[in-house]
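Me: I have a structure to go through with you. Can we start with the side chains?

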Amino acid sequence: MITYCIRKALLSSWRAVCLGTECAIQDKSCDSYQRCLSSVAKHVMPKKPKGVAYRKARHFVDFIEVQVSGGKGGNGMLSFLSLPKREWAGPDGGNGGNGGHVIFKASHSTKSLSHLKPVEVAPNGTKGGTKQRDGKNADHRFIEVPLGTLIKSEDGQVLSSLDNDGDVYVAARGGAGGKGNYFFLTNENRAPAVAELGATGQERKLFVELKTMAHAGLIGFPNAGKSSLLRAISRAQPEVSAYPFTTLNPHVGMVLYEDHEQIAVADIPGLIPGAHQNKGLGISFLRHIERCLCLIYVIDLSIECPLEQLNHLKYELDQYQPGLSLRPNLLIGNKIDLPGAEQKLEDLKRHVQGMDGCVETRPREISQMPVLGVSAKHLIGIDELLYQLRVMYDAYKKDEKPI
């Protein structure tokens, strides 16, 4: 069995090298299109069920404000030793232990910031004891974060970038332990009656955010079907309802392919006109889109003018960050099963491919954007969508253009 799997993997790799992965031809009857189908890895649908229906899905967190506090140092002990036949044996108070640090550590096993609390506190050190016994130093508070995490101060200055597995950043240092009265023993002062209190730990407010949220983000207006589409292509379970703004927090699903490549797809909450002016929760939602490497526009084909919806989406993205709408993208016309949806999809294709006479004013990247019609509810066109998603991902990975 193992030998057969190895031979199959080697054959797929050899076929991909010989045939290449470039395919921009939409004609399915063309030989080049058929050759591309054999060179791109096919997606693998999960065989296991998605789980019980009552299990609440955890949303994805890519930005959080954290108040970090180092542990307090232990107090020094004020004590004098008393022995038989020696009542005044001298000072014997020990030193207090140091407080723990709050440390962020990059780990490949963590994908979200949802486990972080608004306040992270390190443990305190133990106070000193009698007979010159020092208190125990507190353990450090290690917080695992995903690779590519940025730590910023309140004024927006980047303090650290945790890009590699095992990178650490000390966010808040613990306080030093206080000295006991034995520490102050000198020839001039044989009975010091003073001991130090433990120092308080460092406290400050930090902004923790991810450089990259997902490989691809589903972008659209409310009720466009983004959550239903994510349910159809992955095992993620965002809430789906008929009212607008059902999704208030992003959800991320993983799409698995037969060559063991995984593509993360994020369901971004719906935008509204004026989002770049922070209408609704516009700036917060646009910040999620900024952390996606590729964009998937999801257009509702049940409305009267889907083209106007597409133009609004691109306008909001470019107003928030110039050139954001020109990232590698894909256009999805959802609800293709409704009456009249196919004609609206053809109008979108003619506009994007430059058949409406406006190709001179349209950037070259937009003219080459693939346009697909799907139905997330009835699983129509899902295979073609996952194929185009892999083509877009491979093209971006090959170019390695920093974002």
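Me: Is R141 buried, exposed or partly exposed?
Reply: R141 is partly exposed, at 28% relative accessible area. Buried means under 20% and exposed over 50%, with partly exposed in between (1.4 Å probe, protein chains only). This is a predicted model, where local features need pLDDT of at least 70, side-chain atom pairs count only at pLDDT 80 or more, and totals for chains, interfaces and linings use all residues. Residues are numbered from 1 along each chain as its sequence is written, and side-chain values use heavy atoms, leaving out hydrogens and water.

Me: Which side chain does R141 meet in a salt bridge?
Reply: That of E120, at 2.9 Å, N to O. A salt bridge here is a side-chain nitrogen of Lys or Arg within 4 Å of a carboxyl oxygen of Asp or Glu. R141 lies in strand β7 and E120 in strand β6, so the pair ties together parts 21 residues apart in sequence. Strands are DSSP runs of E, at least two residues, numbered from the N terminus.

Me: And E120, buried or exposed?
Reply: E120 is buried, at 3%.

Me: How many salt bridges in total?
Reply: Seven. Among them, K152 meets E209 at 3.4 Å, N to O. D259, R390 and D394 are linked in a network.

Methods:
Helices (H or I, at least four residues) and strands (E, at least two) are DSSP runs, numbered from the N terminus.
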